[in-house]
Number of protein chains: 2
Amino acid sequence: MIADGPKEQAKRAGATIGEFIREQREQAEVSVRQLARLAGVSNPYLSQIERGLRKPSAEILAQIAKGLRISAEQLYLRAGILEFRDGDPELVSAILADEGLGERQKQVLIDIYESFHRENAQLLAAAESEAPETPAAAVDSSPVTTHRNQPHPTPAGK
Amino acid sequence: MIADGPKEQAKRAGATIGEFIREQREQAEVSVRQLARLAGVSNPYLSQIERGLRKPSAEILAQIAKGLRISAEQLYLRAGILEFRDGDPELVSAILADEGLGERQKQVLIDIYESFHRENAQLLAAAESEAPETPAAAVDSSPVTTHRNQPHPTPAGK
DNA sequence: GACTAGTGCTAGCAAAAGCAAGCGCTCAGC
DNA sequence: GCTGAGCGCTTGCTTTTGCTAGCACTAGTC
């Protein structure tokens, strides 16, 4: 499962996963201590993880994911525990092809997906017009801000 | 992600994963030393894992999976690192890989997708229990008659 | 019998993971 | 000024992980 060079992979993963956790934490606008408390890990250890000084176990990653309110798989992917699965170029097509969903459920999912995309695109455009000298920062901060403001649709499809 | 009682879960996982690895090894008719060599871990450590004396990291599990020629995800599931997911694991991966979404938006989509699947599974079960004498009518009225993929994630072995 | 090859496991150790205690710093309030 | 609260990080410790060296045992060959 580990493609090649477990040591190199782990080293790259160490830098990647720590940066990713920090990004998510900053987007959520919580401090190291706050996230550590939410996640149930020690704050020095979280700090070390973010700086790539430690390689956390899957269990710790799951706890951090819980604190960040994201799925553990996302952290596993970036930590190299799971592999990205290529193959589906179009998410909409994949949704439509899923035989475990009713047609209306498919439409609900597609609508939500597309509305997320539209909002992200609008925020990205607005951020670029406001801050043309820092486009990376604008991209990083936009999706979470949008998600916060968007009311959750209830899964009512039948 | 960890459902309940991380300590109890880990303890049960310790017994479960070790027994599972031993079963797979015995089915493959290889010795502890042979599998250890194939997997690139020490044979005493593999023996300890099988007997539940140690809790191996995801990296070690991935190596053992490679030696057993099974997917690492199977071992992760039994070790409690991954949880079973409703629906198509490839669709979940596609959502996670979509770069036009924020991480929390991805989580929202996955949650909704899974809840749809659970609803459909329940409706399918109810339809099958209600209409044993008219199977054709039950098939027509159910939103989804067949589910292509099993709830298990597909093996990612390469 | 001795020897070899293989078996699973014990014991002890080094390295790594994860933690608690505490540091120096910044900021707000008095 | 002082104090308290919060910040991220350092340090040292305990526990856990994963390993090496080696043991006792079995089976086969001479």
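The model is predicted. DNA strand D is surrounded by 22 residues, and DNA strand C by 21 residues.

**Surface near DNA strand D**

- The residues closest to DNA strand D come from both chains: A:R33, A:S47 and A:R51, together with B:Y45 and B:S57.
- Sugar or phosphate accounts for 56% of the atoms of DNA strand D that lie within 4 Å of the protein, and bases account for the rest.
- Two serine side chains of chain A place an N or O atom by a phosphate oxygen of DNA strand D: the separation is 2.4 Å for A:S47 and 2.8 Å for A:S31.
- For A:R22, a polar side-chain atom is found 3.4 Å from a phosphate oxygen of DNA strand D.
- Two or more residues each are given to this surface by α1 (6-27), α2 and α3 of chain A and by α3 (43-50) of chain B.
- The element that gives the most to the surface near DNA strand D is α3(A), with four residues.
- By class, this surface holds nine polar, seven nonpolar and six charged residues.

**Surface near DNA strand C**

- The closest residues to DNA strand C are A:Y45 and A:S57 from chain A, and B:R33, B:S47 and B:R51 from chain B.
- Of the atoms of DNA strand C within 4 Å of the protein, sugar or phosphate supplies 60%, with the rest in bases.
- From chain B, the side chain of B:R22 has an N or O atom 3.4 Å from a phosphate oxygen of DNA strand C.
- The elements giving two or more residues to this surface are α3 of chain A and, in chain B, α1 (6-27), α2 (32-39) and α3.
- The surface near DNA strand C comprises eight polar, seven nonpolar and six charged residues.

**Helix α4 of chain A**

- The buried residues of α4(A) are A:A58, A:I60, A:L61, A:A62, A:I64, A:A65, A:G67 and A:L68.
- A:R69 follows α4(A) and has a positive phi, near 60°.

**A:V41 in the loop between α2 and α3**

- A:V41 belongs to the loop that joins α2 (32-39) to α3 (43-50) in chain A.
- Beyond its neighbours within four places in sequence, A:V41 is in contact with A:A36, A:L46, A:I60 and A:Q63.
- A:V41 and A:Q63 are 22 residues apart along the chain, and their C-alpha atoms are separated by 7.6 Å.

- Apart from neighbours within four places in sequence, B:I21 is in contact with B:L35, B:L46, B:I49, B:E50, B:L61, B:I64, B:L68 and B:L75.
- In soluble globular proteins, nonpolar side chains tend to be buried together.

Notes:
Residues are numbered from 1 along each chain as its sequence is written. Chains are lettered from A and ligands numbered from 1 in the order in which they are written. This is a predicted model: local features need pLDDT of at least 70, side-chain atom pairs count only at pLDDT 80 or more; totals for chains, interfaces and linings use all residues. Side-chain values use heavy atoms; hydrogens and water are left out. Contact means heavy atoms within 4.5 Å. A residue is near a molecule or strand if one of its heavy atoms lies within 4 Å of it. A polar contact is a pair of N or O atoms within 3.5 Å; within protein, one must be able to donate a hydrogen and the other to accept it, and residues adjacent in sequence count only if both atoms are side-chain atoms. Ala, Val, Leu, Ile, Met, Phe, Trp, Tyr, Cys and Pro count as nonpolar, Asp, Glu, Lys and Arg as charged, and the others, Gly among them, as polar. Buried means under 20% relative accessible area, exposed over 50%, partly exposed in between (1.4 Å probe, protein chains only).
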